[in-house]
Every structure is written in C-alpha cells, then in structure tokens.
Amino acid sequence: MADTGAISLAHVLATRSLSLSARLDIAVQIATGVEAVHRAHLVHRDINPSNIIVTGEGGAYEVALIDFGLTSPISRESATLKNPGTLAGTLPYLAPEQSGRMNRDVDARSDLWHSGRG
C-alpha cells in the first residue's frame, strides 16, 4: 500500500488551526463517506477522529474513512452483547445501543451518535 502522507483527523485537530471553511469541507466529506457506507447497508460502528484520515494542506483537504474491522450489515446487528466483558469500538464515541445498555437495535443511526467530544 502506497504511503499517501495521510494523517488522522484527531492529529489534524490537535495540531492545526482550521478555518471554518476547511472544517465544513471536512464535515461534508465525512458525511458523504458515511452515506456511502449506509447505502451499502453497513454500519461502521467505530467512527471517530482516529478512523478518519486527511491528506492535503492549506484548506484543500481530502478525507477518507478507515478501519472497517467492526463493520456489520445493518440487517444482522442487534443490541445483544455477544461478549459482555468486551465492548467493540472506541468507548467515548460508542452509541448507547451499541453498548447493549439500551433495548434498541444497532442501525445506521448508531454511526451518527456524537458523545459531545471534539
């Protein structure tokens, strides 16, 4: 795999000051990527700034969603925990239904959960 020089969005946000225009452009690209995942009837289950990579500088950024290791088909997901001692995903960004604490199925809305971080 070629090195594209991409860095995580978490790193970008921690080390650079982004204009409102750049932040909005990044947000639109993330939303477009999540939409593509959901159109494929998948739930990513671990969307967080470390799983979004960014290339470019000076406001011309290209964004990609990575780490599809926890991705599941929407129709197969349920709120039951298969291994109650282990949670899959990044805890601060985990949707409540993904934790098994709510009696609700995991679906595309789970990828839209925002815990108030960032």
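## Salt bridge

A salt bridge is a side-chain nitrogen of Lys or Arg within 4 Å of a carboxyl oxygen of Asp or Glu. This predicted model holds one salt bridge. The side chains of R39 and E35 form the pair, with an N to O distance of 3.0 Å.

Both residues belong to helix α2 (residues 20-39), where a spacing of four residues puts R39 and E35 about one helical turn apart. Their surroundings can be stated separately. R39 has a relative accessible area of 63% and is exposed. E35, at 38% relative accessibility, is partly exposed.

L18 sits in the loop between α1 (9-15) and α2. Its relative accessibility is 10%, and with the limit for buried set at under 20%, L18 therefore counts as buried.

Leaving aside residues up to four places away in sequence, L18 touches V12, L13, R23, I26 and Y61. L18 and E57 lie 39 residues apart in sequence, and their C-alpha atoms are 9.9 Å apart in space.

## Confidence

The protein chain has an average pLDDT of 78, and 63% of the residues score at least 70. Confidence is highest in strand β3 (residues 52-55), with a mean of 95, and lowest in strand β5 (residues 72-73), with a mean of 84.

Over residues 76-84, pLDDT stays under 50. The model has 15 contacts beyond four places in sequence for residues 76-84.

Note on methods: Residues are numbered from 1 along each chain as its sequence is written. This is a predicted model: local features need pLDDT of at least 70, side-chain atom pairs count only at pLDDT 80 or more; totals for chains, interfaces and linings use all residues. Side-chain values use heavy atoms; hydrogens and water are left out. pLDDT is the predictor's confidence in each residue, from 0 to 100. Helices (H or I, at least four residues) and strands (E, at least two) are DSSP runs, numbered from the N terminus. Contact means heavy atoms within 4.5 Å. Buried means under 20% relative accessible area, exposed over 50%, partly exposed in between (1.4 Å probe, protein chains only).
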